[in-house]
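Student: I am new to this structure. Please take one part of the chain and look at it closely, then show me how the whole is built.

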Amino acid sequence: MNDVGNRGFWLSPQGTEYEIGDHFNYIVDNPEIFGLHKHDVRGLNYSADRPRLLAMVMQKGWIRVRGGSQTTTIQFWQLDTTRVRNIRTFLNKHTFEDDETVSLSELSRKSVTNTKVSDIKYARTKPA
């Protein structure tokens, strides 16, 4: 069993992991980490602007992770070699078992796939 629980994370394009409370608020409080400026996030409304802001940083290569009681959701703009590598590193670090299922959400394709961790760890999940 993995150690993620209900925690949330951002994974940078370089693979740096940030444990966070709320994905939207973490961007608003730390815009420079995401290549944004304070004026880019000033006055944003959680309900109205959250989907757009999260998609914007995922288009820059960031990966959003949220643990849950049933599955862990891993969300990204597009699955490419770098994203697969960063996801594998995260799964290994957080002791995911090969037979656990995670939900992969690829925003650019509006696609959600439930897959076994082993398919990601052992190169059976590949970029489109």
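Tutor: Valine 4 sits in the segment before β1 (8-11). Strands such as this are DSSP runs of E, at least two residues long, and helices are runs of H or I of at least four, numbered from the N terminus. The model is predicted: local features need pLDDT of at least 70, side-chain atom pairs count only at pLDDT 80 or more, and totals for chains, interfaces and linings use all residues. Residues are numbered from 1 along each chain as its sequence is written, and side-chain values use heavy atoms, with hydrogens and water left out.

Valine 4 has a relative accessible area of 1%, so it is buried. Buried means under 20%, exposed over 50%, and partly exposed in between, with a 1.4 Å probe and protein chains only. What does valine 4 touch, leaving out residues up to four places away in sequence? Its partners are Phe9, Gly67, Thr72, Phe90, His94 and Phe96. A contact means heavy atoms within 4.5 Å. Aspartate 119 lies 115 residues from valine 4 along the chain, and their C-alpha atoms are separated by 19 Å.

Now the whole chain. Five helices and six strands make up its elements. Along the sequence they follow the pattern β-β-α-α-α-β-β-α-β-β-α. Of the 128 residues, 43% are buried. Among contacts with a separation of 6 or more, 55% join residues 24 or more positions apart. The C-alpha atoms fill a box of roughly 45 × 30 × 25 Å, taken along the principal axes.
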